[in-house]
Amino acid sequence: MSTSNSNFRPAVVLFAGLTLIVGVIYPFAMTGVGKVLFNEKAEGSLIVQDGKTVGSSLIGQSFSSPKYFWGRPSATGPMSNNAGGSSGSNLGPTNPALIDAVKGRMEALKAADPGNTAKIPVDLVTASASGLDPEISLAAANYQLARVARERKLPESQVKAIIDQLTQQPMLGLLGEASVNVLALNLALDKASK
């Protein structure tokens, strides 16, 4: 009886101490370090235009107008690009639901630009594991270039120059592939169209 009582107090003190350290001090310290060293990222990499937050450079957005570049499809629920529900579809490559979804996305791309006979890049018809990709490949941007230029009544060379200006190269020149942030691209095009 006295052994269990003698163990109870140290267990409660240890529990309270670890809760304070791991549940309060550590999170506040990491938040403080993040805000000092990486303030923009710690605040969500928000993009503000004319005093209004228009999105984040880290989270994809859905664009449906043909005058905009379209991002990678999202499998998040209950709506696409739901940052609170990051997830992939978990559908395998032979799953009929995935095959039907890819076919539907291909038909939508062809309907938006019937004269485009180029091969459709895979990132325009398949969702990523997170469902929140803010970037598309250069192939996906170039596939949409003619449609966007035509809809905005801009020369293709001007739209291509904006794509080139916003292209992000692979990390260390090796990891990943060159890509373009869709929100930044569409905002730059809005500014160029004014």
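Biologist: Which residue forms a salt bridge with Asp133?
Modeller: Arg72 does, with the closest N and O atoms 3.3 Å apart. Keep in mind that this is a predicted model.

Biologist: Where do Asp133 and Arg72 lie?
Modeller: Both are in loops. Asp133 is in the loop between α3 (96–112) and β3 (135–137). Arg72 is in the loop between β2 (52–56) and α3. The pair therefore ties together parts that are 61 residues apart in sequence.

Biologist: How accessible are Asp133 and Arg72?
Modeller: Asp133 is partly exposed at 25% relative accessibility. Arg72 is partly exposed too, at 22%.

Biologist: How many salt bridges does the structure hold?
Modeller: It holds 4. One of them joins Asp190 to Arg152, with the closest N and O atoms 2.8 Å apart.

Biologist: Which helices do Asp190 and Arg152 lie in?
Modeller: Asp190 sits in α6 (residues 182–193) and Arg152 in α4 (residues 138–152), so this pair links parts 38 residues apart in sequence.

Biologist: Is Arg152 buried or exposed?
Modeller: Arg152 counts as buried, at 11% relative accessibility. Asp190 is partly exposed, at 22%.

Biologist: And Lys160, what does its side chain meet in a salt bridge?
Modeller: Asp164, at 3.2 Å, N to O. Both lie in helix α5 (residues 156–166), 4 residues apart, about one turn of the helix. Lys160 is partly exposed at 31%, and Asp164 is partly exposed at 43%.

Biologist: What volume does the largest pocket have?
Modeller: About 280 Å³. Of its 15 lining residues, Phe63, Trp70, Gly71, Arg72 and Pro73 are the closest to its centre. By class, the pocket lining has 6 nonpolar, 7 polar and 2 charged residues.

Biologist: Last one, the surface. Which residues make the nonpolar patch?
Modeller: Leu14, Leu18, Leu20, Ile21, Val22, Val24, Ile25 and Phe28 make a patch of about 780 Å².

Biologist: Where is Leu14 found, and is it buried or exposed?
Modeller: Leu14 is in helix α1 (residues 2–37). It is exposed, with a relative accessible area of 53%.

Methods: Residues numbered from 1 in each chain as written. Predicted model: local features only at pLDDT ≥ 70, side-chain atom pairs only at ≥ 80, totals over all residues. Heavy atoms only, no water. Patch = residues over 30% accessible without salt bridge, like charges linked within 9 Å, V, L, I, M, F, W, Y side chains within 5 Å. Areas by Shrake-Rupley, 256 points an atom, 1.4 Å probe, with all protein chains shown as cover. Helix = DSSP H or I, 4+ residues; strand = E, 2+ residues; numbered from the N terminus. Buried < 20%, exposed > 50% of the residue type's maximum accessible area, 1.4 Å probe, protein only. 1 Å grid on protein atoms, 1.4 Å probe; cavity = no way out; pocket = protein on both sides within 12 Å on 5 of 7 lines; lining within 4 Å. Points joined across faces, edges and corners; volume = space filled by probe spheres on them. Nonpolar A, V, L, I, M, F, W, Y, C, P; charged D, E, K, R; others polar.
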